Every structure is written in C-alpha cells, then in structure tokens.
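Please report on the salt bridges, the core and the surface of this structure. Keep it brief.

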Amino acid sequence: MAPPPESARGDQAAVRAWVRILAVHKRALAAIREDLEHEMTLPRFDLLANLVRSDGQTLASLSRSMLVTAGNLTGLVDRAARDGMVERRADPSDRRAWRVHVTAKGQRAFRDAERRHAARVAKVFSGLSQAEISTLTRLLDKLRTTLREPELPVPSSRPGSARAHAERSARSPPRRTRTKP
C-alpha cells in the first residue's frame with residue numbers, strides 16, 4: 001500500500017494539533033472554572049473584566065466583546081446588578097440607551113478573582129519553561145493572524161455545507177448558553 005500523499009499527511013498533523021488544542025483548552029478551562037466558581041462564574045468574571053478595562057459600555061458593545069448573545073448578556077447583567085457588582089445608568093447622549101458600570105463591590109470582587117485566576121493560569125503553564133511559553137505564544141499569535149485572513153472558498157454553499165455554516169457564523173456571534181451568576 002502506498003503512503004498517503006504529502007497533503008494528506010499535513011492534514012492529519014493539523015487535525016492532531018487541533019484535537020490537542022481542544023483537549024488542553026477543556027482541561028485548563030475546567031481548572032480555572034473550579035478556582036473561580038467558588039466566588040463567581042467565568043461569564044461574570046468576563047463581564048467584570050470587560051467593564052474594568054472599559055467602564056460604561058452598552059449592552060451591544062459588551063455582547064460583541066464577550067461573544068455572547070444579547071439575551072444571555074441581559075440575564076448576566078441582571079444577576080450582577082442584583083448582587084451589587086454592576087449598575088445600569090442611562091446614556092447621557094441617548095435617552096433610549098443604557099450603559100453598564102462596574103461598582104466598587106464589583107471591582108473588589110474582580111480583583112480578588114483576578115489574583116486567583118492569574119495564580120491558576122501560572123500553575124497551568126508551570127510545566128513549560130519561559131522560552132517554551134514564548135514560543136507557544138508566538139505560534140498561537142501566528143495562527144490567530146492566519147485565522148483573521150479571508151477564508152479560502154469552500155466548494156459548495158448548499159444548506160448544511162461547510163460554506164453555508166461559515167456564512168451563517170459570519171453573520172452572527174457565537175452563542176454561549178450557560179450564564180449563571
């Protein structure tokens with residue numbers, strides 16, 4: 001039996017790398033979630049992180065930056081407001097709009113969670129040297145840049161095809177369905 005062509009071997013290597021990225025992501029996320037969720041969920045951590053970086057955002061801008069649907073974000077903001085972490089204020093330049101602001105309590109909670117998060121992330125990467133972390137970061141940046149480039153055409157656009165899926169995905173942000181307080 002003849003060996004597979006070079007392109008097939010490259011495809012197989014790419015798939016193996018992808019499966020490893022997914023496995024590492026799943027395990028690292030579980031470890032980080034376990035550390036954080038004694039105090040807050042990852043979605044709440046993400047919400048507070050976005051507001052600490054840029055306070056007073058609209059729900060639309062938060063939805064885009066957090067990659068969550070407006071419906072999920074509304075529930076997340078409602079629960080965070082109920083717990084005193086954030087507050088909604090009318091937009092002074094547009095009476096129809098509201099802006100979300102982090103409260104002092106939310107800032108304290110985020111800073112505490114951020115310290116635990118940084119310690120856990122350091123532990124996740126503790127098996128790598130600083131040089132290996134730098135190399136990994138450089139390679140992931142290179143991959144991220146490649147993913148930002150326009151996609152190559154996919155042969156078919158019939159419903160259910162990869163191209164049709166890509167076109168639907170490009171029109172709407174990815175959904176996250178789990179958003180508890």
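Asp83 has 25% relative accessibility, so it counts as partly exposed (buried means under 20% relative accessible area, exposed over 50%, partly exposed in between, with a 1.4 Å probe and protein chains only). The model is predicted: local features need pLDDT of at least 70, side-chain atom pairs count only at pLDDT 80 or more, and totals for chains, interfaces and linings use all residues. Residues are numbered from 1 along each chain as its sequence is written, and side-chain values use heavy atoms, with hydrogens and water left out.

The side chain of Asp83 meets that of Arg44 in a salt bridge, 2.9 Å from N to O (a side-chain nitrogen of Lys or Arg within 4 Å of a carboxyl oxygen of Asp or Glu). Asp83 sits in the loop between α4 and β2 (86-91) and Arg44 in helix α2, so the pair ties together parts 39 residues apart in sequence. Helices (H or I, at least four residues) and strands (E, at least two) are DSSP runs, numbered from the N terminus. Arg44 counts as buried, because its relative accessibility is 4%. A network of salt bridges links Arg44, Arg82 and Asp83.

The whole structure holds nine salt bridges. Three of them are listed here.

| Pair | N to O distance |
|---|---|
| Asp83 and Arg44 | 2.9 Å |
| Arg89 and Glu87 | 2.7 Å |
| Asp94 and Arg96 | 3.1 Å |

Arg96 is exposed, with a relative accessible area of 73%. Asp94 is partly exposed at 23% relative accessibility.

Helix α2 also carries Arg44. Of its 12 residues, 10 are buried, so α2 is largely enclosed by the rest of the structure. The helix reaches 16 Å from first C-alpha to last, close to the 16 Å expected at 1.5 Å a residue (1.5 Å times one less than its number of residues).

The largest nonpolar core has 23 residues (buried Ala, Val, Leu, Ile, Met, Phe, Trp, Tyr and Cys joined through side-chain atoms within 4.5 Å). Leu47, Leu48 and Leu62 are among the residues that touch the most other members. α2 gives the most to this core, with six residues. Leaving aside neighbours within four places in sequence, Leu62 has contacts including Leu47, Leu73 and Val100 (heavy atoms within 4.5 Å).

The surface has a nonpolar patch too. Its members include Trp18, Phe125 and Leu136, and together the patch has about 1000 Å² of accessible area. α1 gives the most, with five residues. Leu136 lies in helix α6 and is partly exposed at 31% relative accessibility.

Methods. Patches are made of residues with over 30% relative accessible area and no salt bridge: like charges are joined within 9 Å, nonpolar side chains (Val, Leu, Ile, Met, Phe, Trp, Tyr) within 5 Å. Accessible areas come from the Shrake-Rupley method with a 1.4 Å probe; for residues, only the protein chains shown count as cover.
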